[in-house]
Amino acid sequence: MAKQPSDLEFSLDEFGHGITTVLRENVVKVTFPNGGSQDHSKKAGEIIPLLLFEGLWRFETDSEAATVYWSGTAWTGLRVESKAAPVLDYLSLRRTEKGAYEEIQRLLEELKETEQQISEMNARADDARKDLQAKAAAHKVAEEEARKRQAEAKAAAEVVKQIDSRRQAVEAKRQDFHGALMRARDVLSEEAAKATAERAEEIDDSKDQRLGVQAAGPAAV
């Protein structure tokens, strides 16, 4: 059987009959399956003589009660109930108290170490969280700076575009002015040539007139 009581032992003899052996001197009250009972005063090692028949049997000593079923071939379903808790002597109690105190102190030390480890882990977690926050802030600043530079580059490109557009307009106006200047110079050249020709013609006409007057003067005299 898996467990035996401290005062009794249930087993089988060489013929397969169930026997109950008393382990220490005691008065054993036996209750039969039909409800009847009988007391047996036995010394340690003696066997309680019983004519077993199938059913639930109960054996009681001064410290425990055992209930067990006899099937005709085996003991089964053993249950043991203690009637009274054992009384500890003073030294045993002191040893128990000392052991309990030492166990409590050990657990307190383990608890202290565990709390220290938790504190260190929390500190490392706080440092990691702060580092992550700092990196996130730096990343945000870098993103803001990148957006700012991108906007500045876009604005600068727009300014360059405007300057190039204005340069092209100025260049077109310069070419128009140059063309107009060349045309005006051509006109002035033509006018100057025309005026020179007319002046030369006037001079020639004046000479012809003076020569004609000179030629007519002696004849008239």
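Arg-58 has a relative accessibility of 27% and so counts as partly exposed. Buried means under 20% relative accessible area, exposed means over 50%, and partly exposed lies in between (1.4 Å probe, protein chains only). Glu-60, at 18% relative accessibility, counts as buried.

This is a predicted model, in which local features need pLDDT of at least 70 and side-chain atom pairs count only at pLDDT 80 or more, while totals for chains, interfaces and linings use all residues. Residues are numbered from 1 along each chain as its sequence is written, and side-chain values use heavy atoms, with hydrogens and water left out.

Side chains of opposite charge can pair when their charged atoms come close. A salt bridge here is a side-chain nitrogen of Lys or Arg within 4 Å of a carboxyl oxygen of Asp or Glu. The count by this rule is 14 salt bridges. Three of them, among others, are listed below.

| Pair | Closest N and O atoms |
|---|---|
| Arg-58 and Glu-60 | 3.2 Å |
| Arg-106 and Glu-103 | 2.4 Å |
| Asp-164 and Arg-167 | 3.0 Å |

Arg-58 and Glu-60 also belong to a network of salt bridges that links them with Glu-81 and Lys-83.

Arg-106 and Glu-103 both lie in helix H1 (residues 90-220), 3 residues apart, about one turn of the helix. Helices are DSSP runs (H or I, at least four residues), numbered from the N terminus. Arg-106 is partly exposed at 38%, and Glu-103 is partly exposed at 35%.

Helix H1 also holds Asp-164 and Arg-167, again 3 residues apart, about one turn. Asp-164 is partly exposed at 30%, and Arg-167 is partly exposed at 48%.

Technical notes: Helices (H or I, at least four residues) and strands (E, at least two) are DSSP runs, numbered from the N terminus.
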